[in-house]
Each structure stands twice: as C-alpha cells, then as structure tokens.
Amino acid sequence: MDFELTQDEREIQALTRDFARAEIDPHAAVWDRDHEFPRALFGKLAELGLMGTCVPDEYGGAGADFLSYILVLEELSRADAGVGVTVAVHTSAATLPILAFGTDEQRSRFVPPLARGEHLGAFALTEAEAGSDAGALRTRADADGDGWTINGSKQWITNGRYAGTFLVFARTDPKTETARGISAFILDAEHVRVTRDEEKLGLNSSVTSDIVVEGANVGRDRLLHEENRGFRVAMTTLDGGRIGIAAQALGIAQASYDVAREYALQRRAFGHRIADFQARLLVYRAAWLKQQGRRHTEEGAKAKLFASEMARRQTGEAIQILGGYGYTKEFPVERYYRDAKITEIYEGTSEIQRLVIARSILGFTERSLAVR
C-alpha cells in the first residue's frame, strides 16, 4: 500500500480546500447560529463535480477514486461539518448504493441527477425502535399487483427536507422479525412527507428530519437489489459510509487543532501534535481497501471509532487551550466540539463499531448475527 497522494488526488484536495476557504469558512458561524441550510452552496459544489466525486463520468460524476472523495469530505468538514455530512450522506448513502446494487436502468435513471447535484439523496433506515438494531424496523412494503404499497415512518434522516431521492428500507416479508425479509426501495420526494426537523446539538447547517411514507405505490423498477435482501444493501452502505464519517471527524479535528495552535502560539510555545496522523492513516487505509474492491468492514469500523473519538478529544482540548474564550462563540472551537460528538453516534455508535470489530476478529459477520 502506498498512501502517497496521486497528482489527481492532490488537485482535488486543493480544489476543495480553496473552495471551502472562500465559500464556506466565512459563513459557517452564521449558518450554525441561524440553523441555516446553505442550499445554494451545493449547486456550486456540483459545478466543480464534488457532488459526485467518485461517480463514473458516464453517470454524470467526476470519475475520481474513492480516496479523492474522502479527501473532499475531510476538507469540507474542516470548514463546516454540516456541509460535510450533507455531501457524505448524499454520496455514500444514496448515490453509491444505486451504483453498486442497481440495474443498468436504475443507474442510468437515478444516478446522474444525484451526481450532477440536481437534487440531494437521503438514506432512510432508522426508526424509533430500530436504530442500532436495524433489523427491527417496522416500515412495511406490502405486495400490490406487480409492485408494493409502502407505509411507515423514519427518523434521523439527513437531507430529508431537501432530498429528491430516498433510499428507503421496508419489510417485504411480514413473517419475519429480523433482518431477513427487508428490501430496499428508491423513492422520490413525492413519496415522502417530512413531519419535523430535528433540533440538534451541532451540525446546524445540515438538516435532519423525521419522515413518513403513506401508501406510496411503487413498481418493481423501484426495488434496489433483490427482494428480501435489502439488509445486505444497508450493511454494505454503512461499511463505506463509516469511512466518510471518519473523514468528517478528521476534518473537524484538524480545524480545531489549527485554531488552538494559532491561539497558543500567540500566548506561549506550543509544539504538541495531535494523534490525527494515526487516525488519518486508518481512514486512508480503509478508503484504499474499498477502492481496491477488498473487504473493509473491520477497517472502516476501526477508522470511524478511532477518528471520531480522537475528534471529540481534540476539540475538547482545543477549548481547554483557549480557556474561557473556547467556551464562547468568539472562536469556532465550541462549534467544532458540538459537531464532533455526533461522529461517535451516526453510521453506527462507537459501541456498535466495537461489536463490528470484535465480530470480524472472531470470524462472524454483522449480517450473519443479525439474521439468527
């Protein structure tokens, strides 16, 4: 493995960094304060190809590799983690699963509008009683002619209010109560009703919604992958999505380190480095494995676990270095601290990551245990 960035990867990293400094940094504090979703920003990102960084060009993307996409998320999150998670869910949790599991018709139909940023994507798995135990979901898709009628509710849906494409998981076999019998469907905004937007501790420039699906009639062209095999779609999506959240944590940690270092240099000597070198290698290694088409369940979980906990520690240390100023909104480190905490929770809590790692070491898979 050679983690030296290629010329193309360095150029995408620099492009994103320059854009973030010019278009995100000056506004991030206001977006956070006002809980403003910067909808127009994503059109600008799309013009640069960054809403479909690792999507092949024949489907409207930039055609870059997965590590380039991880670099994009890191730089966006360094400026504003809310922007970072919006792009992460749009890409990792909505666009890439259609590429991986969709038919040729589905790829041609649904991926280009997402990759071009014409609308956002969302991933709808979690329910009130089905979070870490995703196999307990109650949303149902009942057979109806040559298709299904879907009813149910979902929560914690990033991009929910503004998404145009939803990847929704529903139970197609009512006789089961575990991960067996769950299917994945591609729904449009017209199939979904947003019931509320969540008030969050951080990530205030992103939107997190509760949604309901009420009697949505869909045909077989909306079934993603095989009937009753949707849990595989969900788990594979989370494997890659965790690497993106780890990159988000890296960006937050780097931003807090930068502020703390600059402040401390003005006050006293400061030569301490954080552990983000180890975290960055874990994240890049997991991204490289996915890019090579190799198994990355354990590595993605390790990257997310280490990077997210490191980000929370580092942002807390940044507040400590700034003292009382760190606790105020005069400096951005309190925002970084609020934003960092969620990286230990979504795409699987730290406790779930430890289970994933342990199961991998012991030779089990997340899916095999879930369907017992």
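Here, a residue counts as buried when its relative accessible area is under 20%. The views below all come from a predicted model.

**View 1. Helix H4, tucked into the structure.** Helix H4 covers residues 66-79. Of its 14 residues, 13 are buried, so H4 is largely enclosed by the rest of the structure. What span should the 14 residues of H4 have, at 1.5 Å a residue? They should span 20 Å, and the end C-alpha atoms are 21 Å apart, which agrees.

**View 2. Strand E1, covered on both faces.** Take a look at residues 120-124: 5 of the 5 residues in this strand are buried, so E1 is largely enclosed by the rest of the structure. Leu 120, Ala 122 and Ala 124 sit on one side, with Gly 121 and Phe 123 on the other.

**View 3. E1 alongside its parallel partner, E4.**

**View 4. Phe 169 and the residues around it.** Leaving aside residues up to four places away in sequence, Phe 169 touches a whole list of others, including Phe 123, Ala 124, Leu 137, Lys 154, Ile 182 and Val 233.

**View 5. The largest nonpolar core.** This core has 88 residues, and Phe 169 turns up again here: along with Ile 24, Leu 45, Ile 70 and Val 283, Phe 169 is among those with the most contacts inside it. Helix H7 (residues 230-267) gives the core its largest share, 17 residues. Apart from this core lies another, of 18 residues, among them Trp 148, Phe 166, Val 192 and Val 213.

How values were computed:
Residues are numbered from 1 along each chain as its sequence is written. This is a predicted model: local features need pLDDT of at least 70, side-chain atom pairs count only at pLDDT 80 or more; totals for chains, interfaces and linings use all residues. Side-chain values use heavy atoms; hydrogens and water are left out. Helices (H or I, at least four residues) and strands (E, at least two) are DSSP runs, numbered from the N terminus. The expected span of a helix is 1.5 Å times one less than its number of residues. Buried means under 20% relative accessible area, exposed over 50%, partly exposed in between (1.4 Å probe, protein chains only). Two strands pair if DSSP finds at least two bridges between them. A nonpolar core is a set of buried Ala, Val, Leu, Ile, Met, Phe, Trp, Tyr and Cys residues joined through side-chain atoms within 4.5 Å. Contact means heavy atoms within 4.5 Å.
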